[in-house]
Amino acid sequence: MQSGIYARKTHLMTRPEYSIVIPAYNEAARIGGALTQVLACVRERGWSAEVLVVNDGSRDQTAAIVRSFAERDPIVRLVENPANCGKGYSVRNGILQASGEIVMFTDADLSAPIEEAERLFAAIREGADIAIGSRWLERGRQTIHQPLYRQIFGRCFNAITRMVMGLPFADTQCGFKAFRRAAAQTIFQLQRIERWGFDPEILFIALKRGFTVREVPVTWGHDERSRISYLKDGIKMLEEIVYIRWNALLGVYSRNVSEFTPNLPVAKG
């Protein structure tokens, strides 16, 4: 068994078609329900899939709940971060540990219902390397709207991101994205942002490396339990945009990469 991964010996030996990665930090109240919904969808759709929950140093029962699911269902795996390292680190850790031909990540609150993943998978089957969910392409698909101040912040941040980084997407921050395996292996080995601002970075890398990105409207409902601080984290995200441009000037995102062997270093700071 690989270090840092809890998995039953009966885990599937063949590579699944899909890997579903769920980053989780103190998600004991939601992770059980999320896994129940995800596993039900996998069964109903007949997906060949694995589900990886990345525990980001939770202090509650998140890991224990995931282990209980893994004991009953071999497609569930628990990936442990070395500490509380951030959402960006968690997504990278999970995706680089994943085995699927198509790898996606989604938030533990399932603001975009897992059934919507089929829309991302379809875009990839139609030729995209990467498919990203969007809350803004078809606003009528939003079942629960964000408060006005969150909408304003999101739109302002997205506008700045588009201007500074040249990203042509209506929604860079939606936590519902899927990748062909080759694209994921390249992008996430080059990723450097380890907390909230990683989404623009991975899209910037994708375009720089010549991958085709398709934005897909998805059904989405706002969850008031979101932990993001729109002042503190917003300022940090703006700093990270500058950091991304600096990395690009240094050639960080142009380096050669190869198939990843899971062995992530301990996160910085």
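Visitor: In which helix is Leu-238 found?

Guide: Leu-238 is found in helix 8, residues 232-250. Before we go further, this is a predicted model, where local features need pLDDT of at least 70 and side-chain atom pairs count only at pLDDT 80 or more, while totals for chains, interfaces and linings use all residues. Residues are numbered from 1 along each chain as its sequence is written, and side-chain values use heavy atoms, with hydrogens and water left out. Helices (H or I, at least four residues) and strands (E, at least two) are DSSP runs, numbered from the N terminus.

Back to your residue: Leu-238 has a relative accessible area of 36%, so it is partly exposed. The cut-offs are under 20% for buried and over 50% for exposed, with partly exposed in between (1.4 Å probe, protein chains only). Helix 5, residues 148-165, supplies the largest share of the patch, with three residues.

Now zoom out a bit. The protein has eight helices and ten strands, and its accessible surface comes to about 11900 Å², 54% of it belonging to carbon and sulfur atoms. Those areas come from the Shrake-Rupley method with a 1.4 Å probe, and for residues only the protein chains shown count as cover. Of the 269 residues, 55% are buried. If you take the contacts (heavy atoms within 4.5 Å) with a separation of 6 or more, 82% are between residues 24 or more positions apart.

So what's inside? The largest nonpolar core has 40 residues, and Ile-22, Trp-47 and Met-104 have the most contacts within it. Helix 1 (31-45) gives the most to this core, seven residues. A nonpolar core here is a set of buried Ala, Val, Leu, Ile, Met, Phe, Trp, Tyr and Cys residues joined through side-chain atoms within 4.5 Å. Setting aside neighbours within four places in sequence, Met-104 is in contact with residues including Ile-20, Ile-114, Leu-120, Phe-121, Phe-176 and Lys-177. Apart from that core lies another, of 37 residues, among them Val-54, Ile-130, Ile-132 and Ala-183.

Thr-106, in strand 5, is worth a stop too. With 1% relative accessibility it counts as buried, and not counting residues up to four places away in sequence, Thr-106 touches Ile-22, Pro-23, Ala-112 and Gly-175, among others.

In helix 4 (residues 117-125), the buried residues include Leu-120, Phe-121 and Ile-124, and the buried set packs against strand 2, strand 5, strand 6, strand 8 and strand 9. Just after helix 4, Gly-127 takes a positive phi of about 130 degrees. Helix 6 (residues 181-190) has eight of its ten residues buried, so it is largely enclosed by the rest of the structure. Its buried residues pack against helix 3, strand 5, strand 6, strand 8 and helix 7.

Last, the charges. There are twelve salt bridges, each a side-chain nitrogen of Lys or Arg within 4 Å of a carboxyl oxygen of Asp or Glu. Glu-194 pairs with Arg-92, with the closest N and O atoms 3.0 Å apart. Glu-194 sits in the loop between helix 6 and helix 7 and Arg-92 in helix 3, so the pair ties together parts 102 residues apart in sequence. Both Glu-194 and Arg-92 are buried. Lys-177 and Asp-199 meet in a salt bridge at 2.8 Å, N to O; Lys-177 lies in strand 8 and Asp-199 in helix 7, so this pair ties together parts 22 residues apart in sequence. Lys-177 and Asp-199 are both buried. Arg-125 bridges to Glu-118, closest N and O atoms 2.3 Å apart, and here Arg-125 is partly exposed at 48% relative accessible area, while Glu-118 is partly exposed at 22%.
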